[in-house]
Amino acid sequence: MAMLARKDLLGPYLTLDQGKKIQAEYVWIDGDGGLRCKTCTLPGIPKSIDELRIWDFDGSSTNQAPGNDSDVYLRPAAIFRDPFRGGDNILVLAECYNNDGTPNRTNYRHHAKKVMDQAKDEHPWFGLEQEYTLFDADGSPYGWPKGGFPGPQGPYYCGVGTGKVFARDLIEAHYRACLYAGVNISGINAEVMPSQWEFQVGPCEGIDMGDHLWMARFLLVRCAEEWGIKVSFHPKPLKGDWNGAGCHSNFSTEAMRKEGGMKVIESAIEKLSKRHLEHIAVYGEDNDLRLTGRHETGHIGTFSSGVANRGASIRIPRAVAAKGFGYLEDRRPASNVDPYRVSAALVETVCLNVGANKA
């Protein structure tokens, strides 16, 4: 049985005066693609990220370092407001570095930042659509009949009403937490499989895409903790005739967004077609279970593109085709993809004309 947050007990303490000190919750990505956090006290509100300390943690407990050399360092990368503690308290998204100064093997932000700096004059924009699935603490899909199944897919996508929608209260809490924190969340909707949802983040330029999506994921998992609900980012959480979960990645450069941009979009798709397998290699784990050619996906072994085609690798929205400029949607990334990897791969292939980095 899940231990739910006792807001009735915690509430009075959160109203106590903190003086001039604030709490800074450092958030980082662990060795298994999950999230970790810990808190320190600051003497006051930092005027910039440069005022935040470089901290450390035991990497042998997070699958990021061996026990005989376990210190991993946290370098602050982005600051967000803390919706759980409120006030002037902050969340700090941090990068992981080894004690010799090299980026930890889990730190894909380091490479992505270099890529974005090289392509900054093209002003790459991203919008990521994060799908995820909710489970009870016992591992069963949230809201599903115990030991059974709900009705087949059909009424759940963007659904309204009892039996069609599950955990809307949690989803609303997460949405508001993102807005408060300063995450550039742009929308939410219930997905095709019952107890599956999606939120969208963007448009974000360059490295901000990865920062904002990781923080949105943290806020979701942290909110769900208080409901006693587990969040799964697995691309095929349930076998059978159920939709998988992706992270459709919308991408454009400044040239794509201007008059005549369709030619640039078509050129980008041609470049992507030549590096399909390189992209698949960095587009998430167990993606082969999702990219089967069914359930609104293209097959993992074949590259395809088309206007308004949700079964293609790359979809050009119909409105973009009608206007003649805009953006493309890469439908291949899995729901568990690292946003730094997918955004860097798109920029490397389309803007820098180099292969997707596998590091």
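Me: Which strand holds Lys 230?
Reply: This is a predicted model. The strand that contains Lys 230 covers residues 229–232. Lys 230 is therefore found in strand 9.

Me: Is Lys 230 buried, partly exposed or exposed?
Reply: The relative accessible area of Lys 230 is 45%. Buried would need a value under 20%, and exposed a value over 50%.

Me: How far apart in space are Lys 230 and Met 256?
Reply: In sequence, Lys 230 and Met 256 are 26 residues apart. In space the separation is taken from C-alpha to C-alpha, and it comes to 39 Å.

Me: What radius of gyration does the protein chain have, and what would a compact globule have?
Reply: The C-alpha atoms fill a box of roughly 60 × 50 × 40 Å along the principal axes. For 359 residues, a compact globule would have a radius of gyration near 21 Å. The protein chain agrees with this, its own value being 21 Å.

Me: How many helices and strands does the protein chain have?
Reply: Of the 359 residues, 51% count as buried. The secondary structure of the chain comes to eight helices and 13 strands.

Me: Which residue is joined to Pro 203 by a cis peptide bond?
Reply: Pro 203 lies in strand 8, which covers residues 196–205. The omega angle of the cis bond is about 0°. The partner of Pro 203 in this bond is Gly 202.

Me: What is phi of His 123 near?
Reply: His 123 is found in the loop between helix 2 and strand 6. With 30% relative accessibility, His 123 counts as partly exposed. Its phi is positive although the residue is not a glycine, and the value is near 45°.

Me: What is phi of Ala 308 near?
Reply: Ala 308 lies in the loop between strand 11 (305–307) and strand 12 (314–316). At 32% relative accessibility, Ala 308 is partly exposed. Ala 308 is a residue other than glycine with a positive phi, near 60°.

Me: How many salt bridges does the structure hold?
Reply: One of them is formed by the side chains of Asp 8 and Arg 6, at 2.8 Å from N to O. Arg 6 in this pair is partly exposed, with a relative accessible area of 48%. The structure's count of salt bridges is 17.

Me: Which residue forms a salt bridge with Glu 25?
Reply: The closest N and O atoms of the pair are 2.7 Å apart. Glu 25 lies in strand 1 and its partner in the loop between strand 4 and strand 5, so the pair ties together parts that are 60 residues apart in sequence.

Me: Why are Arg 222 and Glu 226 separated by about one helical turn?
Reply: The side chains of Arg 222 and Glu 226 meet in a salt bridge of 2.8 Å, N to O. Arg 222 is partly exposed at 22% relative accessibility, whereas Glu 226 is buried at 17%. They are separated by about one turn because, within helix 4, they are four residues apart.

Me: Which residue is linked with Arg 222 and Glu 226 in a network of salt bridges?
Reply: Arg 222 and Glu 226 already meet in a salt bridge. The network that includes both of them also has a lysine, Lys 7.

Me: What area does the nonpolar surface patch have?
Reply: Leu 10, Tyr 13, Leu 14 and Leu 16 make the patch. Among them, Leu 14 is found in helix 1 (residues 7–14). Leu 14 has a relative accessible area of 39% and is partly exposed. The area of the patch is about 420 Å².

Me: Which residues form the negative surface patch?
Reply: One of its members, Asp 100, is found in the loop between strand 5 (90–97) and helix 2 (109–118). Asp 100 has a relative accessible area of 55%, which is over the 50% limit, so it counts as exposed. The patch is formed by Asp 58, Asp 69, Asp 71 and Asp 100.

Notes
Residues are numbered from 1 along each chain as its sequence is written. This is a predicted model: local features need pLDDT of at least 70, side-chain atom pairs count only at pLDDT 80 or more; totals for chains, interfaces and linings use all residues. Side-chain values use heavy atoms; hydrogens and water are left out. Patches are made of residues with over 30% relative accessible area and no salt bridge: like charges are joined within 9 Å, nonpolar side chains (Val, Leu, Ile, Met, Phe, Trp, Tyr) within 5 Å. Accessible areas come from the Shrake-Rupley method with a 1.4 Å probe; for residues, only the protein chains shown count as cover. A salt bridge is a side-chain nitrogen of Lys or Arg within 4 Å of a carboxyl oxygen of Asp or Glu. Lys and Arg count as positive and Asp and Glu as negative; His and the chain ends are not counted. The place of a charge is taken as NZ of Lys, CZ of Arg, CG of Asp or CD of Glu. Helices (H or I, at least four residues) and strands (E, at least two) are DSSP runs, numbered from the N terminus. Buried means under 20% relative accessible area, exposed over 50%, partly exposed in between (1.4 Å probe, protein chains only). The radius of gyration is taken over C-alpha atoms; the globule rule is 2.2 Å times the number of residues to the power 0.38.
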